[in-house]
Amino acid sequence: MVPQDLRYTKEHEWVRIEGDLATVGITDFAAEQLGDVVFVDLPEVGRTVAQFAAVGVIESVKAVSDLFAPVGGDVVETNAELTSKPELLNSDPFGKGWMLRIRISDPTALDGLLDLTAYEALTSEA
Amino acid sequence: MAQANDAPLATPLADRHQALGARMVEFGGWMMPLQYTGIIEEHRAVRSKAGVFDLSHMGELYVEGPDAAAALGYALTTEPANLKVGRAQYSMICWPEGGVMDDLIVYRLDDERFMVVANASNASVVSDALAERLAGSHLILDDRSLATGLVAIQGPLAQAILAPLTGLALPDLPYYSIAQGDVAGVPALVARTGYTGEDGFEVIADVADLGRVWDALLEAGTPLGAVPVGLGARDTLRLEAGMPLYGNELGPDTTPFEAGLGRVVKLGKEGDFVGRAALEKASADGPRKLLVGLMVRGRGIARHGYEIFLGDRRIGVVTSGTQSPTLGQPIAMAYVTPSEAEPGTIVDVGIRDQRVSAEVVPMPFYRRPAKTTDARA
């Protein structure tokens with residue numbers, strides 16, 4: 001069940017837009033594909049990130065994958081709980097497994113994100 | 001046998017894996033289950049209860065005849081002639097240059113009958129090498145890899161689950177031994193061997209019968225907490241147990257001495273064997289690198305291929321690494337220069353763009369609690 005009010009990326013991340021803040025996580029599809037997540041490396045708060053740049057790392061038992069910034073801007077908060085409980089990405093990817101918040105620098109860049117219909121079309125091909 | 005350019009082979013249990021919702025992966029020329037419910041959950045089930053594994057991709061090579069023991073002694077680094085009937089030994093087959101072609105388990109089924117179990121990815125290479133090395137001896141080499149399946153049950157409850165399904169007296173079957181019997185009504189070889197660090201058994205049966213063995217083990221084991229386990233957890237289990245994997249810790253560029261397995265190279269045995277001259281020289285010269293265990297002390301997971309540094313000097317490379325489900329810490333195996341192999345040595349692992357501190361530690365990372373088994377090694 002993928003929430004309706006979010007935007008998505010081809011890298012299987014979700015974005016919740018509230019004002020100029022974007023909260024970012026990975027989708028349940030991504031979590032399922034990765035398997036048990038055991039390590040998360042997040043960018044430092046205050047860092048300025050470019051849209052679609054690699055800003056962090058998610059490691060499961062078997063695999064290493066990059067975390068990309070779905071929007072450009074300043075990192076204003078990261079989910080510190082993931083350091084000790086990376087498994088939240090598997091158990092609650094759309095909730096307690098959120099990863100970071102970015103203050104959006106360029107709202108027009110949101111056009112580069114997918115809506116639910118487009119994202120579901122993407123995952124149904126996989 | 002499977003060649004690299006062939007489509008992957010299906011195990012005789014492929015339908016069952018699909019019904020269980022397994023995620024499948026190609027490994028060693030076969031489509032094998034990577035995981036069913038999740039690697040960590042499966043790993044923990046094996047450590048606390050039991051796990052059932054489909055290992056039909058392993059190669060089973062039978063060597064039978066009056067020359068079998070002596071000829072295997074020429075082909076391998078160990079002395080199968082010293083094995084008692086019903087016992088097994090961990091062995092290696094080496095290239096003439098001394099590097100490892102594969103690690104093997106040799107079972108003596110009868111005076112003149114042996115079974116050699118090889119890794120899937122190497123089964124055809126080993127089969128070809130044995131055919132060449134055994135040529136001219138009075139024996140038959142029968143590669144039954146495709147006709148034979150293997151199901152393992154591993155974990156502290158393995159014996160309790162398997163015992164009611166077989167007429168064999170499992171408490172009388174010591175660690176590294178094998179017996180011919182029946183499991184779930186089908187003829188089978190039952191060996192007390194494994195690759196997890198737990199007590200357990202490997203059941204070898206004809207492909208056509210293997211499904212009955214698998215079903216019976218899961219039916220008997222599920223109420224006790226046993227689960228099917230894929231190759232993902234098999235890898236984390238063997239890594240915690242400090243067991244090498246061909247392609248990671250073992251390969252043609254590595255001698256058994258460097259892998260810390262010099263005990264399986266019987267330089268004192270009579271007669272020549274393939275690799276003897278090179279291995280005698282390697283033993284005299286000393287290792288160029290040594291396999292060590294690493295505990296990562298900083299943040300990050302050391303993975304296969306990551307480089308190891310001491311100051312600015314590159315001193316080695318990680319061969320296997322993961323987050324240990326049992327210890328809750330990142331563990332790894334690595335080759336380092338022999339002078340830096342002492343436990344307690346602090347090194348750096350290059351993890352992406354960072355240097356992360358790690359400590360050389362003795363292996364294994366995990367040892368099962370004593371007295372969970374009747375095995376007498």
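Helix 2 (residues 39-48) and helix 7 (residues 231-240) of chain B pack at about 55°, with their axes 8 Å apart. Axes are lines fitted to C-alpha atoms, for helices over the stretch in contact, and angles run from 0 to 180 degrees between N-to-C directions. The model is predicted: local features need pLDDT of at least 70, side-chain atom pairs count only at pLDDT 80 or more, and totals for chains, interfaces and linings use all residues. Residues are numbered from 1 along each chain as its sequence is written, while chains are lettered from A and ligands numbered from 1 in the order in which they are written.

- Helix 2 and helix 7 of chain B are therefore oblique to each other; under 35 degrees counts as roughly parallel, over 145 as roughly antiparallel, 65 to 115 as roughly perpendicular and the rest as oblique.
- Their crossing is right-handed, meaning that the near helix is turned clockwise from the far one by less than a right angle.
- From helix 2 of chain B come B:I39, B:E42, B:H43 and B:V46; they meet B:G232, B:A233, B:T236 and B:L237 of helix 7 of chain B. Contact requires C-beta atoms, placed from the backbone, within 7 Å.
- By class, this contact has four nonpolar, three polar and one charged residues. Ala, Val, Leu, Ile, Met, Phe, Trp, Tyr, Cys and Pro count as nonpolar, Asp, Glu, Lys and Arg as charged, and the others, Gly among them, as polar.
- Helices (H or I, at least four residues) and strands (E, at least two) are DSSP runs, numbered from the N terminus.

**Burial and exposure**

- Helix 2 of chain B is mostly covered, with seven of its ten residues buried. Buried means 20 or more other C-beta atoms within 10 Å of a residue's own, exposed 12 or fewer, and partly exposed in between.
- Among the buried residues are B:I40, B:A45 and B:R47.
- The buried residues of helix 2 of chain B pack against helix 7 and strands 3, 4, 10 and 14 of chain B.
- B:P171 lies in the loop between helix 5 and strand 11 of chain B. B:P171 is exposed, with 12 other C-beta atoms within 10 Å.
- B:P171 and B:Q159 are twelve residues apart in sequence and 8.1 Å apart in space, C-alpha to C-alpha.

**Chain contact**

- Twelve residues from chain B and nine residues from chain A form the contact.
- Helix 2, helix 7 and strand 17 of chain B each supply at least two residues of the side of chain B that touches chain A.
- That side of chain B has three nonpolar, seven polar and two charged residues.

**Sheets**

- Six strands of chain B close into a barrel, in the order 15-18-17-16-19-20, with antiparallel pairing. Strands pair if DSSP finds at least two bridges between them.
- Strand 19 and strand 20 of chain B run antiparallel and are joined by six bridges. B:I351 stands opposite B:Q354 in strand 20 of chain B.
- An open sheet of five strands in chain B has the order 6-7-8-5-9, also with antiparallel pairing. Strand 6 and strand 9 of chain B are its edges, each pairing on one side only.

Notes:
Contact = placed C-beta atoms within 7 Å.
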